[in-house]
Amino acid sequence: MANGQLQFTEPAVRLLENEHRYLMHLAEEWHDIVLRFEREEDMDRAVALALLAELKAKLIDFLDPLKNHTDKEEEHFFPVLGGYIGLEQGPIVGIQEEHGEIDAYIGHFFHHTRGDLSGLTEDQIRKIAGDAGEAFEVLTVHFVKEETVLFPMAERLLRADDLDALAEKLNTLIV
């Protein structure tokens with residue numbers, strides 16, 4: 001994932017890998033705002049509120065593509081791979097839990113950014129932005145796990161007909 005080169009050859013797996021690249025591109029845009037909150041100790045409250053609003057807008061833009069991607073994995077990829085390696089224990093279980101963890105951090109962020117934010121202190125704003133930072137951390141590790149464990153496993157274990165059928169189902173836009 002780090003070098004930007006696509007590493008998988010099977011179309012089904014490559015589609016998911018390519019979606020990871022796009023999602024990380026979007027995530028890095030909002031994560032830059034989170035990092036700014038971490039770097040700048042004394043931030044004007046008006047600036048902090050404006051950055052929080054920008055962070056929220058970028059996360060809103062991120063939400064649908066992320067949901068569309070994870071839905072594809074949950075509905076198509078995991079069940080097919082699970083037919084080979086099982087769904088009750090093992091790597092798929094942990095990956096699915098991470099989907100929930102990412103959703104929870106983003107949901108927590110949105111919960112705290114509802115309504116009028118003008119009364120928030122700088123400290124409260126930083127804590128709220130921290131939820132987005134946590135989501136980014138989990139997302140980054142999550143994608144690495146999928147690309148180092150699940151995707152190679154899929155290319156190695158899945159029969160050609162299963163890969164072809166999976167590619168057909170996964171070949172939809174996430175935006």
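Predicted model: local features only at pLDDT ≥ 70, side-chain atom pairs only at ≥ 80, totals over all residues.

Before anything else, a term: helices are DSSP runs of H or I with at least four residues, strands are E runs of at least two, and both are numbered from the N terminus.

Residues are numbered from 1 along each chain as its sequence is written, and side-chain values use heavy atoms, with hydrogens and water left out.

**Entry: the whole chain**

I looked up the secondary structure and found five helices and zero strands. Along the sequence I read the pattern as α-α-α-α-α. The C-alpha atoms fill a box of roughly 60 × 30 × 25 Å along the principal axes.

Next I checked burial. I call a residue buried under 20% relative accessible area, exposed over 50%, and partly exposed in between (1.4 Å probe, protein chains only). By that rule, 41% of the 175 residues of the chain count as buried.

Then contacts, meaning heavy atoms within 4.5 Å. Taking the contacts with a separation of 6 or more, I see that 78% of them join residues 24 or more positions apart.

**Entry: the cores**

A nonpolar core here is a set of buried Ala, Val, Leu, Ile, Met, Phe, Trp, Tyr and Cys residues joined through side-chain atoms within 4.5 Å. Which residues touch the most other members of the largest one? I get Trp30, Leu55, Leu59 and Phe62, out of 33 residues in that core. Helices H1 (11-39), H2 (45-85), H3 (91-112) and H4 (122-157) each supply at least two of its residues. H4 gives the largest share, nine residues.

Apart from this core I found another, of 18 residues, among them Leu16, Phe78, Leu150 and Phe151.

I went back to Trp30 for its neighbours. Leaving out residues up to four places away in sequence, Trp30 touches Leu55, Lys58, Leu59, Phe62, Ala132, Ala135 and Phe136.

**Entry: how the helices pack**

Ground rule for this part: axes are lines fitted to C-alpha atoms, for helices over the stretch in contact, and angles run from 0 to 180 degrees between N-to-C directions. Angles under 35 degrees count as roughly parallel, over 145 as roughly antiparallel, 65 to 115 as roughly perpendicular and the rest as oblique.

I started with H1 and H2, which pack at about 160 degrees with their axes 9 Å apart. H1 and H2 are therefore roughly antiparallel to each other. Their crossing is left-handed, a word used if the near helix is turned anticlockwise from the far one by less than a right angle (right-handed if clockwise). I sorted the contact residues of H1 with H2 into 19 nonpolar, two polar and seven charged. For the classes, Ala, Val, Leu, Ile, Met, Phe, Trp, Tyr, Cys and Pro are nonpolar, Asp, Glu, Lys and Arg charged, and the others, Gly among them, polar.

On to H1 and H4: again about 160 degrees, with axes 9 Å apart. H1 and H4 are therefore roughly antiparallel to each other, and their crossing is left-handed. The H1 with H4 contact divides into 17 nonpolar, four polar and nine charged residues.

Last pair, H1 and H5: an angle of about 35 degrees, axes 7 Å apart. H1 brings Pro11, Ala12, Leu15, Leu16 and Glu19 to the contact, and H5 brings Leu163, Leu166, Ala167 and Leu170. By class I count eight nonpolar, no polar and one charged.

Is Glu147 buried or exposed? Glu147 lies in H4 and counts as buried, because its relative accessibility is 2%. Its C-alpha is 31 Å from that of His111, 36 residues away in sequence.

Glu168 sits in helix H5 (residues 160-170). Glu168 counts as exposed, at 64% relative accessibility. Its C-alpha is 10 Å from that of His76, 92 residues apart along the chain.

His108 is partly exposed at 38%. Its C-alpha lies 8.8 Å from that of Ala132, 24 residues apart along the chain.

Glu134, in H4, is partly exposed too, at 39%. Between the C-alpha atoms of Glu134 and Phe109, 25 residues apart along the chain, I note 10 Å.
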